[in-house]
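Student: Please take one part of this model and go through it closely. I would like to know where its residues sit and what they pack against.

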Amino acid sequence: MIIGIIGPSMTEIALLLREMKIEKKFTIAKTLFFKGMLRGVKVVVCRSRDGKVNAGLATRELIARFGAKSIILNGVAGAINPNLRILDVVISTGTQFHDVNYTRVGVPLSEYPNLRIAVYQANPPLVRLAQQSAKKQPYIRATTGKILTGDQFIASPIRKYLLRKVFHGEAVESEGAGVGQASFLNHTPYVVIRSVSDLANRVAPIDFRILVRLAAINAQRVTLGVLDELNNKRKYIGSRGEII
């Protein structure tokens, strides 16, 4: 069993790579893949680059080329739930595009005309493993909920308010629903683990630059804990995402 782990930037996979026994490195379409062992589990760790298209392409490569049976996307995000604090962790129950809009031709918001899905549901067993991992991490406060995706950096209180009101998401980033869509189309379970780097407000760009590394470490700590849960309990993820 191989688990594919995606981080949009090197910062978001740096801790994983430090702990990983890397067997081989690949560069495919300017995307980096590292194959090896991490916490006793076979993995391929990928630096996808930013954006939902890059994330979707990376997911497809992990599944088709490397045989990944489950996908974990980890990294940072902006908080749109006002109860979230910087460095909190959000574990996805699902992901949704906030910048897909074909409503003028009768298609519901967030849905593509030829793929009538608004929310890409995360795999419940993977969500539970991430929750169990987060509980064991000192000083990490974690929650679950929907994560919103768009090719934008949100740094506006008004935009943040509207995203929360319309989509009821917890956090916003640029890759999750791309991974969710590719995972759905390839019948592969996935989960997104994000740590809050900013509050999606006017000072978000400053907060992001200062806190991105700390937030990225928190997300990776939870991801490592998921692998520990699988390895220590000698559990595996089945073809439908069930833990066996």
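**Helices and their surroundings**

Tutor: Ile217 lies in helix α6; helices here are DSSP runs of H or I with at least four residues and strands are runs of E with at least two, numbered from the N terminus. The model is predicted, so local features need pLDDT of at least 70 and side-chain atom pairs count only at pLDDT 80 or more, while totals for chains, interfaces and linings use all residues. Residues are numbered from 1 along each chain as its sequence is written, and side-chain values use heavy atoms, with hydrogens and water left out.

Ile217 is partly exposed, at a relative accessible area of 32% (buried means under 20%, exposed over 50%, partly exposed in between, with a 1.4 Å probe and protein chains only). Between Ile217 and Gly75 there are 8.3 Å in space, C-alpha to C-alpha, although the two are 142 residues apart in sequence.

Helix α6 (204-232) is also one of the elements that the buried residues of α3 pack against; contact means heavy atoms within 4.5 Å. The others are β5 (68-79), β6 (89-97), β8 (142-149) and β10 (190-198). The buried residues of α3 are Pro125, Leu126, Val127, Leu129, Ala130, Ser133 and Ala134. The 13 residues of α3 (124-136) should span 18 Å at 1.5 Å a residue, and its end C-alpha atoms are 19 Å apart, which agrees; the expected span is 1.5 Å times one less than the number of residues.

In α2 (residues 52-64), the buried residues include Lys52, Ala55, Gly56, Thr59 and Ile63. These five meet Gly178, Val179, Ala182 and Ser183 in α5. The two helices pack at about 35° with axes 7 Å apart, where axes are lines fitted to C-alpha atoms over the stretch in contact and angles run from 0 to 180 degrees between N-to-C directions.

Glu175 lies in the loop between β9 (171-173) and α5 (176-185). Glu175 is buried, with a relative accessible area of 4%. Leaving aside residues up to four places away in sequence, Glu175 touches Lys52 and Ala55, among others including Arg49, Asp50, Thr149 and Arg194.
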